[in-house]
Amino acid sequence: MKIITIVGARPQFIKAAMVSRAILQHNTHNSNKIDERILHTGQHYDSNMSDVFFKQLKIPKPNWRLECGQGSHTEMTAKIMLETAAILIAEKPDYVIVYGDTNSTLAGALTAAKMHIPVVHIEAGLRSFNKAMPEEINRILTDHISDLLFCPTLAAVQNLKNENITKGVYNVGDVMYDSALAFGKYAEETSTIMRDMKLTHKEFCLCTVHRAENTDDPTRLTSILRALVETAKPNRPVIMPLHPRTQRFIKEMNLESLALSNPYLKLIEPVNYLDMIVLERNAAVILTDSGGVQKEAYFHGTPCITLRKETEWVETVELGWNQLAGYQTDSILHCLQNHPKQTPIDEYGKGDAAEKITEIIANESFRL
């Protein structure tokens, strides 16, 4: 059986690493081999956002590397579809695997579906119920054209059921949790970022901002930066790895003077995956608009404040690990002072989601 895995952004590299490992393990013990080939769309084109993940996570080198990281959402999606179609025509895979909710996800799924190639959606069923977010549109459309839908939580399964999607749906747990278990200890042993930045365990805040709704809006970005400037202290600095988009808009909106007004707000280049794990594990609190980082915060036992008004990971809020602050300065500062009671989350599986996914795909192949 031949599978083409389509990835293009940081969270997808992490998830694909675990499934690729499980596929290799499956192939050592089964006669029904899975031939996985990887198509990297180039959606993330910065080395620290892309290439380094393949090296650190030991993901097989992509068989194809597109250059689709520029342009609007429409331009990017269309370009990925056009270039992916040529590859699918030549390769004739039995399945196409897509991950999450990016432009690469939707473009890959649409292209495969129009060519009558079964689509596998890993991390299916998530909903923020905010269609102003491109990611929400991507995940809804991808779910409705997928043949196998692997959900990380029971809430995701219920979301699909509410949309009359029940066939091919499996609750397997979260492949990101697989990754957290697999790489957590290794990251602590190999990363030097805590020492290099002279950081102390649980005595700094970590912040990531990358969503267009925050970065492209001067009011929102200014409000978030003001909260960070007010929060950063000599005994509790704020570490902010800058996504390329965020860095660009800080400059274009003339917000550099604000961002640099407090020396304890430390704006740094994007960090590699292992360094990010260590920062997440050691931070006192994480502020983010990233869905993946919200979960990683929980995996590493760190409270999270989400710089959005909604989240697809509702259980992290319901059980006290995450607070929805939005973008307003006062709301962010209020959440930093608030400490909800935290209850363990039993939703994400036991670290074997990738194995379950691989075995289900292998079993489904007999029906082709």
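Buried means under 20% relative accessible area, exposed means over 50%, and partly exposed lies in between (1.4 Å probe, protein chains only). The model is predicted, so local features need pLDDT of at least 70 and side-chain atom pairs count only at pLDDT 80 or more, while totals for chains, interfaces and linings use all residues. Residues are numbered from 1 along each chain as its sequence is written, and side-chain values use heavy atoms, with hydrogens and water left out.

**Exercise 1.** Classify Phe299 and Tyr177 as buried, partly exposed or exposed, and describe their ring pair.

Solution.
- Step 1: Phe299 has a relative accessible area of 14%, so Phe299 is buried.
- Step 2: Tyr177 has 22% relative accessibility and counts as partly exposed.
- Step 3: Rings of Phe, Tyr and Trp (its six-membered ring) pair if their centres lie within 6.5 Å; planes under 30 degrees apart count as stacked, over 60 as edge-to-face and the rest as tilted. A search of the whole structure finds 8 aromatic pairs.
- Step 4: The ring centres of Tyr177 and Phe299 are 5.1 Å apart and the planes are at 45 degrees, so this pair is tilted.
- Step 5: Tyr177 lies in helix H7 (residues 175–190) and Phe299 in helix H14 (residues 291–299), so the pair ties together parts 122 residues apart in sequence. Helices (H or I, at least four residues) and strands (E, at least two) are DSSP runs, numbered from the N terminus.

**Exercise 2.** Describe the pair of Trp313 and Tyr348, and find a proline that touches both.

Solution.
- Step 1: The pair is edge-to-face, with 6.2 Å centre to centre and 65 degrees between the planes.
- Step 2: Trp313 is buried at 1% relative accessible area, and Tyr348 is buried at 3%.
- Step 3: Ring pairs join Trp313 and Tyr348 to Tyr177, Tyr298, Phe299 and Trp321 in a cluster.
- Step 4: Pro152 touches residues including Trp313 and Tyr348, not counting residues up to four places away in sequence; contact means heavy atoms within 4.5 Å.
- Step 5: Pro152 lies in the loop between strand S6 (148–151) and helix H6 (154–162), and is buried at 2% relative accessibility.

**Exercise 3.** State how the axes of helix H3 and helix H4 cross.

Solution.
- Step 1: The axes of H3 (residues 73–91) and H4 (residues 103–114) come within 8 Å and cross at roughly 45 degrees. Axes are lines fitted to C-alpha atoms, for helices over the stretch in contact, and angles run from 0 to 180 degrees between N-to-C directions.
- Step 2: H3 and H4 are therefore oblique to each other (under 35 degrees is roughly parallel, over 145 roughly antiparallel, 65 to 115 roughly perpendicular, the rest oblique).
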